[in-house]
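Here is a friendly walk through one protein chain, from its overall make-up to a few individual residues. Please keep the structure open as you read.

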Amino acid sequence: MKAIINHPLYREYLEKNAQREKERRFCRHDFQHMEDVARVSYNILTDSGRIGDIISRGVSREFVREVIYAAGLLHDIARWIQYDTGEDHALAGARLARPIMENTGFDPRETALALRAIREHRRGGPGASLLGRTLCLADDLSRPCGKCDARLDCYKFEQMENIRRELALTQKILVL
């Protein structure tokens with residue numbers, strides 16, 4: 001994880017995101033957001049007992065956390081490209097993430113798994129990989145909507161609140 005965080009391209013892309021979002025009122029796509037998505041993704045997979053499903057895709061048990069964190073840390077690195085050109089940041093992000101993952105010691109199977117999840121993280125619907133669906137959910141859950149001054153103007157606020165309500169209901173049912 002530290003190798004990704006310290007990688008010069010990763011640092012460059014974070015800075016480009018920051019430059020494009022310096023006037024943005026809504027959620028920013030900074031390191032804190034990406035770290036939160038990585039942590040929440042890992043917790044979802046651990047708490048649900050689905051880590052084994054990631055391991056069964058060719059990720060070694062000793063590196064499964066790193067692969068999940070890599071996908072989370074890299075999922076929004078191309079927001080700046082979307083702002084500049086309109087290209088989907090998920091697709092561009094997978095392209096930009098490849099050399100970072102290859103340069104930081106991930107093997108081809110681990111890289112392919114994370115890159116697919118990055119490509120899928122915006123929709124996460126049917127046909128998406130487990131890690132892609134998990135990144136999508138974690139991306140939504142990691143947003144601090146309740147503390148945001150722009151929440152009433154945000155197109156995602158109602159969606160985030162619905163997800164939180166559904167999760168709260170699920171948690172209550174599991175406790176009963």
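## About the model

This is a predicted model, in which local features need pLDDT of at least 70 and side-chain atom pairs count only at pLDDT 80 or more, while totals for chains, interfaces and linings use all residues. Residues are numbered from 1 along each chain as its sequence is written, and side-chain values use heavy atoms, with hydrogens and water left out.

## The chain as a whole

The secondary structure comes to 10 helices and zero strands; helices (H or I, at least four residues) and strands (E, at least two) are DSSP runs, numbered from the N terminus. Read from the N terminus on, the elements run α-α-α-α-α-α-α-α-α-α.

The chain has 176 residues, of which 45% count as buried. Here buried means under 20% relative accessible area, exposed means over 50%, and partly exposed lies in between, with a 1.4 Å probe and protein chains only. Among contacts (heavy atoms within 4.5 Å) with a separation of 6 or more, 61% come from residues 24 or more positions apart.

## How H3 meets H5

Two packed helices are described by the angle between their axes and the distance between the axes. Axes are lines fitted to C-alpha atoms, for helices over the stretch in contact, and angles run from 0 to 180 degrees between N-to-C directions. Helix H3 (residues 31–47) and helix H5 (residues 64–74) have axes that come within 7 Å and cross at roughly 140°. H3 and H5 are therefore oblique to each other. On this scale, angles under 35 degrees count as roughly parallel, over 145 as roughly antiparallel, 65 to 115 as roughly perpendicular and the rest as oblique.

The crossing of H3 and H5 is right-handed: a crossing is left-handed if the near helix is turned anticlockwise from the far one by less than a right angle, and right-handed if clockwise. On the H3 side, the residues that meet H5 include Phe-31, Met-34, Val-37, Tyr-42 and Leu-45. Their partners in H5 are Arg-65, Ile-68, Tyr-69, Gly-72 and Leu-73. By class, this contact of H3 with H5 has nine nonpolar, two polar and three charged residues. Ala, Val, Leu, Ile, Met, Phe, Trp, Tyr, Cys and Pro count as nonpolar, Asp, Glu, Lys and Arg as charged, and the others, Gly among them, as polar.

## H8 and its two partners

H7 contributes Ala-90, Leu-91, Gly-93, Ala-94, Ala-97, Arg-98 and Met-101 to the contact, and H8 contributes Glu-110, Thr-111, Ala-114, Leu-115, Ile-118 and Arg-119. The contact of H7 with H8 has eight nonpolar, two polar and three charged residues.

With H9, the angle of H8 is about 45°, and the axes are 8 Å apart. H8 and H9 are therefore oblique to each other, and their crossing is right-handed. Leu-113, Ala-114, Ala-117, Ile-118 and Glu-120 in H8 meet Leu-131, Gly-132 and Leu-135 in H9. This contact of H8 with H9 has six nonpolar, one polar and one charged residues.

## Residues in the loops

Where does Thr-104 lie? Thr-104 is in the loop between helix H7 (89–103) and helix H8 (108–120). Thr-104 counts as buried because its relative accessibility is 18%. Its side chain reaches the backbone oxygen of Ile-100 at 2.7 Å. Not counting residues up to four places away in sequence, Thr-104 touches Ala-3, Ile-4 and His-7.

Gly-125 sits in the loop between H8 and helix H9 (130–141). At 25% relative accessibility, Gly-125 counts as partly exposed.

## Residues in short helices

Asn-6 is found in helix H1 (residues 2–6). With 57% relative accessibility, Asn-6 counts as exposed. Asn-6 and Thr-104 are 98 residues apart in sequence, and their C-alpha atoms are 9.8 Å apart in space.

Leaving aside neighbours within four places in sequence, Ile-55 is in contact with Arg-61 and Val-64. From Ile-55 to Glu-110, the C-alpha to C-alpha distance is 9.8 Å, and the two are 55 residues apart in sequence.

Definitions and conventions: Polar contact = N/O pair within 3.5 Å; in protein donor to acceptor, adjacent residues only side chain to side chain.
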